[in-house]
Amino acid sequence: MKRRLLIMTKIVDVDDLAYAYIHRYIDEIAKHASVVHVITWKKGYHTLPPHVLVHSLGEEEKRGRIVMSVRLLWYLARYIRAYRDVLVIDSPWKVVAIGPWWKLWRKSIGLWYVKGDPDTALS
């Protein structure tokens, strides 16, 4: 059975110089999942498959932190039954802040975080 997954990241945008790699990773992960929900701070242009649903918190619309926080809580409550696993990319504070909510719902949580230069992290 294919996995249902939630991915939380900062930016989903093919044209972003610093975060374009995340788009490629989501595209590869989506090949092994039936449904992927992506919650991101800022959504730009993407070419992800139709079963990948990208939800933005509104940074591209210049929303305030309170509005973005409310949107995050709404997405978490709205789609809690739509995924089994959670992958958080580059934001360890989200695991600390939202982790108890996910553990309450028995979701498995993964964190992918590289501190510093990515080239030195692999060696």
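I began with Val52, which touches Ile26, Ala30, Val36 and Val38 once residues up to four places away in sequence are not counted. I note at the outset that this is a predicted model, and I read every contact with that in mind.

Next I looked up the largest nonpolar core, which has 16 residues, and found that Ile7, Ile26, Val36, Val38, Leu48 and Val52 touch the most other members. The elements that give two or more residues to this core are strand 1 (3-12), helix 1 (20-30), strand 2, strand 3 and strand 4 (85-89). Strand 1 gives the most, with 4 residues. Apart from this core lies another one, of 15 residues, and I wrote down Ile39, Val86, Ile98 and Trp102 as being among them.

Is Ile39 buried or exposed? I recorded Ile39 as buried, because its relative accessible area is 3%, and the cut-off for that word is under 20%. Leaving aside neighbours within four places in sequence, I listed the contacts of Ile39 as Leu6, Ile7, Met8, Thr9, His55, Leu57, Leu72, Tyr75 and Leu76. I also looked up one C-alpha separation, and Ile39 and Ile11, which are 28 residues apart along the chain, are separated by 9.2 Å.

I then turned to Ser56, which is in strand 3 (residues 52-56). Ser56 counts as buried because its relative accessibility is 8%. Which side chain does the side chain of Ser56 meet in a polar contact? The partner is the side chain of Glu60, at 2.9 Å. Not counting residues up to four places away in sequence, Ser56 touches Thr40, Trp41, Lys42, Lys43, Arg71 and Tyr75.

My last entry concerns the surface, where Tyr25, Trp112 and Val114 make a nonpolar patch of about 250 Å². Of these residues I followed up Val114, which is found in the loop between strand 5 (108-112) and helix 4 (118-121). Val114 counts as partly exposed, because its relative accessibility is 33%, and patch residues need over 30% relative accessible area.

Notes
Residues are numbered from 1 along each chain as its sequence is written. This is a predicted model: local features need pLDDT of at least 70, side-chain atom pairs count only at pLDDT 80 or more; totals for chains, interfaces and linings use all residues. Side-chain values use heavy atoms; hydrogens and water are left out. Patches are made of residues with over 30% relative accessible area and no salt bridge: like charges are joined within 9 Å, nonpolar side chains (Val, Leu, Ile, Met, Phe, Trp, Tyr) within 5 Å. Accessible areas come from the Shrake-Rupley method with a 1.4 Å probe; for residues, only the protein chains shown count as cover. A salt bridge is a side-chain nitrogen of Lys or Arg within 4 Å of a carboxyl oxygen of Asp or Glu. Buried means under 20% relative accessible area, exposed over 50%, partly exposed in between (1.4 Å probe, protein chains only). A polar contact is a pair of N or O atoms within 3.5 Å; within protein, one must be able to donate a hydrogen and the other to accept it, and residues adjacent in sequence count only if both atoms are side-chain atoms. Contact means heavy atoms within 4.5 Å. A nonpolar core is a set of buried Ala, Val, Leu, Ile, Met, Phe, Trp, Tyr and Cys residues joined through side-chain atoms within 4.5 Å.
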